[in-house]
Amino acid sequence: MTRSRDDGSVIDDGSPRAGRVAFVFQGGGSLSAPQVGMLRALTEVGIEPDLVIGTSAGALNAVAFASDPTPAGLDRLEELWHSLRRRHVAGISSRTLARALVGRVDGLFDPAPLAQLLGADMVPADLAATAIPAHVVATELVTGEPVVMSDGDTASALLASAAFPGIYPPVRRAGLRLVDGGVAADIPILQAEALGATTSYVLPAAVADDRGAQLRGPLAMAYHALGQILDSTARRDALAAAGEVHLLPAATSPATNPLDFRETRRLIRDGYELACSWLATQGDGSRRPTFA
């Protein structure tokens, strides 16, 4: 495990430092589906990463891709996304809700279904066993600092990275209480550079379609409010990046709930088509990202 300082540098615990090109995955729950299409477009033109890093659902995409960065591996990842439903990532029970309301548990949802999903064959048991070095970002609950995990139990790392505060309980790992990595580094560009990357390809989650439905429900409200805060952090980190940063175009979705998987097929297709169009227009040289 490595921990990031405020400037994005990594406190190294002896883990090997990775190469120069990084794929950086933004978190976003079901809205991270377009990243599967982006990965296919990038690999089809021969862009290969020396490391991958991600937060929340983006971390799952990063680790699954790093485990098998082949067309067949992408096919399996896409099949997984096609099969996902809310019940696979968020277990709801009246008992859990009642205990949460009186402060006996730290999350509204039972993480067991998500843990079971991560126990499938998509990712190795040990995070260090991926074909491409993979890094998962979480946030230390007490300090709010980003924590970069590069080895050890994969499932607990991914559960920690996806532990949206108040929705899922914090995950204890290596003596720390960890929550969603997006709180500290929604788009972990600086963490990628601290690991040795000089060129970063940012794979964003889908953004809300302004013409879509109004926000409804507490989860959608909380996710949107946190997203507004995290957007300013992403802007700051992008401007602070020292190397080349290539921001792929984001798909749009009428969905406002990160547990709504009804748009998955279209989002994957849109991610692929937007990335293909973007790649066809790219020349040489550094590109600075812009965040709408």
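The legends below describe close-up views of a predicted model.

**View 1. The largest nonpolar core and the residues at its centre of contacts.** The largest nonpolar core of this model is made up of 64 residues, and F23, M149 and Y201 are those with the most contacts inside it. Helix 2 (residues 56-67) supplies the largest share of this core, namely seven residues.

**View 2. The surroundings of Y201.** When neighbours within four places in sequence are left aside, Y201 is in contact with V21, A22, F23 and V24, with L42 and I47, and also with H246, L248 and W278.

**View 3. Strand 5 and strand 6.** Strand 5 (residues 134-140) and strand 6 run antiparallel and are joined by four bridges, and V136 has M149 of strand 6 as its bridge partner. Five residues lie between the strands in this hairpin, where G144 takes a positive phi near 75°. Strand 6 (residues 146-149) is covered on both faces, with P146 and V148 buried on one side and V147 and M149 buried on the other.

**View 4. Helix 3 and its packing partners.** Helix 3 (residues 71-83) has 13 residues, which at 1.5 Å a residue should span 18 Å, and this agrees with the 19 Å that separates its end C-alpha atoms. Its buried residues are G73, L74, L77, E78, L80, W81 and H82, and the buried residues of helix 3 pack against helix 1 (34-44), helix 2, helix 6 (112-118) and helix 11 (264-280).

Note on methods
Residues numbered from 1 in each chain as written. Predicted model: local features only at pLDDT ≥ 70, side-chain atom pairs only at ≥ 80, totals over all residues. Heavy atoms only, no water. Core = buried A, V, L, I, M, F, W, Y, C linked by side-chain atoms within 4.5 Å. Buried < 20%, exposed > 50% of the residue type's maximum accessible area, 1.4 Å probe, protein only. Helix = DSSP H or I, 4+ residues; strand = E, 2+ residues; numbered from the N terminus. Contact = heavy atoms within 4.5 Å. Pairing = 2+ DSSP bridges. Expected span 1.5 Å × (residues − 1).
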